[in-house]
Amino acid sequence: MSKFIIDGGKKLYGDVNIHGAKNSALPILAATVLCQGKSVIHNCPDLSDVKVSLKILKNLGCKAKYYDSSVFVDSESISNFCIEKELMSRMRSSIIFLSVMLAKLKKANVYLPGGCELGARPIDLHIKGLEKMGAVILKDKDCLLCSLPKGHFNGAKISLSFPSVGATENIILAAATAKGRTVIENAAREPEICDLAAFLNKCGAKIKNAGKPIITIDGVERLFAAEYSVIPDRIEAVSFMAFTALNQGKVTIKNINVSHLAPVIELLKESGCRIKIYKNILSVESNDRLKAVKEIITMPYPGFPTDAQAPVMAMLTMAKGKSKFIENIFKSRYKHIKELEKMGAKIAVKGKTAVVDGICKLSAANLKCTDLRGGAAVVTAALAGEGRSTVSDIYHIERGYENIDLKLVSLGAKIKRID
């Protein structure tokens with residue numbers, strides 16, 4: 001099992017380029033199943049989750065290959081309506097293939113998805129939405145047996161009880177080639193939703209108001225392959241902002257969309273960082289001990305992202321004063337706290353609230369990544385800890401960060417990967 005060896009206390013200086021968004025690339029790769037012809041997806045990150053998506057595409061009978069940050073997909077030969085259990089178990093977003101398989105093959109057998117264990121993450125909103133559009137979905141233990149009796153999805157009005165990103169994506173994909181109009185109320189507004197809609201529209205779909213609470217989709221008879229470039233990964237950008245803020249120095253973060261980072265930028269300013277912005281470039285400078293932030297509440301976009309909570313919490317472990325976190329999205333997103341406490345961090349947890357009482361120094365420890373974003377938190381703290389830390393279970397990090405160790409080394413960090 002691979003691990004990182006990190007000698008902490010090195011200030012970070014230099015430039016870093018942000019890769020394409022994992023949470024955009026995965027649904028867009030699934031969307032290529034709907035398209036006639038050969039799709040080309042650029043700015044696609046080289047991540048383990050992307051590799052699993054390519055395996056799923058091949059498992060379904062598609063031709064798919066990755067080369068130099070681009071994915072080439074030809075779905076004309078798709079024929080298999082079952083996804084292997086092992087592939088479904090490796091990432092939660094594998095459930096996004098359900099809608100496209102039904103739309104293309106009229107039936108699908110899939111296992112319940114895996115991914116990070118972040119507490120209850122039910123897919124009932126996905127199922128209810130697709131059922132309202134005409135799908136028949138039966139559960140047999142941990143398998144979903146799905147069919148489209150009429151041979152196509154029907155447009156429907158679907159009101160989500162929570163603005164679920166995955167459910168919004170699955171419904172959009174089903175609606176793209178459905179008969180009639182679909183209206184999604186209380187839809188997720190994340191930039192990744194807009195990116196998926198932009199790709200589908202380039203393929204011939206008719207999707208309006210993506211990124212707003214009410215999305216309208218008029219189904220079309222067919223979609224055609226297109227060439228498309230994925231948006232930058234806002235959570236990777238946030239992580240490098242956190243690395244720099246805690247470890248001090250000055251880092252210029254390139255290839256970003258500044259508007260996607262607004263709540264985190266304001267938080268870093270409040271903590272005492274100096275932020276400069278020029279078009280799609282942002283620089284973070286930190287030379288002093290950070291100041292605590294009164295309250296951070298995770299919310300659906302455009303609020304503070306739950307994926308940013310863990311690295312930002314690590315960033316504030318050495319801030320002056322107390323910072324309060326309220327996690328409103330996932331019940332088990334504080335697993336990284338035990339790892340931070342191994343380094344001396346003082347964090348009190350009660351229910352969905354965590355209060356971080358900043359200390360003057362963190363000490364090196366043997367650490368492990370608890371999940372994808374928790375792994376980023378552990379690395380953030382280890383970079384600042386006095387002494388040598390070992391970080392294990394880094395396969396979690398590799399689900400969402402491409403060559404994170406090499407990027408940090410280029411900024412002056414002392415981090416080594418051991419296989």
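Where is the place of arginine 234? The points below take up that residue and then the elements around it, in a model that is predicted.

1. Arginine 234 has its place in helix 8, which covers residues 234–247. With a relative accessible area of 12%, arginine 234 falls under the 20% cut-off, and therefore counts as buried.

2. The side chain of arginine 234 is joined to the side chain of glutamate 192 by a polar contact of 2.9 Å.

3. Helix 8 packs with helix 10 at an angle of about 5°, and the two axes are 9 Å apart. Because angles under 35 degrees count as roughly parallel, helix 8 and helix 10 are described as roughly parallel to each other.

4. From helix 8, the residues Ile235, Val238, Ser239, Ala242, Ala245 and Leu246 meet Asp307, Ala308, Pro311, Val312, Ala314 and Met315 of helix 10. Sorted by class, this contact of helix 8 with helix 10 has ten nonpolar residues, one polar and one charged.

5. Helix 10, residues 306–315, also lies across strand 20 (322–326), strand 21 and strand 22, and runs at about 165° to strand 20.

6. An open sheet of four strands, with mixed pairing, has the order 19-20-22-21. Its edge strands are strand 19 (295–297) and strand 21 (346–350), each of which pairs on one side only. On average, and with direction ignored, neighbouring strands of this sheet are turned by 15° against each other.

7. Within that sheet, strand 21 pairs with strand 22, residues 353–357, in the antiparallel sense over five bridges.

8. A separate point concerns strand 7, residues 107–111, where Ala108 and Val110 form a covered face, while Lys107, Asn109 and Tyr111 form an uncovered one. Strand 7 runs antiparallel to strand 9 (residues 143–147), and five bridges join them. Valine 110, which belongs to the covered face of strand 7, stands opposite leucine 144 in strand 9.

Conventions: Residues are numbered from 1 along each chain as its sequence is written. This is a predicted model: local features need pLDDT of at least 70, side-chain atom pairs count only at pLDDT 80 or more; totals for chains, interfaces and linings use all residues. Side-chain values use heavy atoms; hydrogens and water are left out. Helices (H or I, at least four residues) and strands (E, at least two) are DSSP runs, numbered from the N terminus. Buried means under 20% relative accessible area, exposed over 50%, partly exposed in between (1.4 Å probe, protein chains only). A polar contact is a pair of N or O atoms within 3.5 Å; within protein, one must be able to donate a hydrogen and the other to accept it, and residues adjacent in sequence count only if both atoms are side-chain atoms. Two strands pair if DSSP finds at least two bridges between them. Axes are lines fitted to C-alpha atoms, for helices over the stretch in contact, and angles run from 0 to 180 degrees between N-to-C directions. Contact means heavy atoms within 4.5 Å. Angles under 35 degrees count as roughly parallel, over 145 as roughly antiparallel, 65 to 115 as roughly perpendicular and the rest as oblique. Ala, Val, Leu, Ile, Met, Phe, Trp, Tyr, Cys and Pro count as nonpolar, Asp, Glu, Lys and Arg as charged, and the others, Gly among them, as polar.
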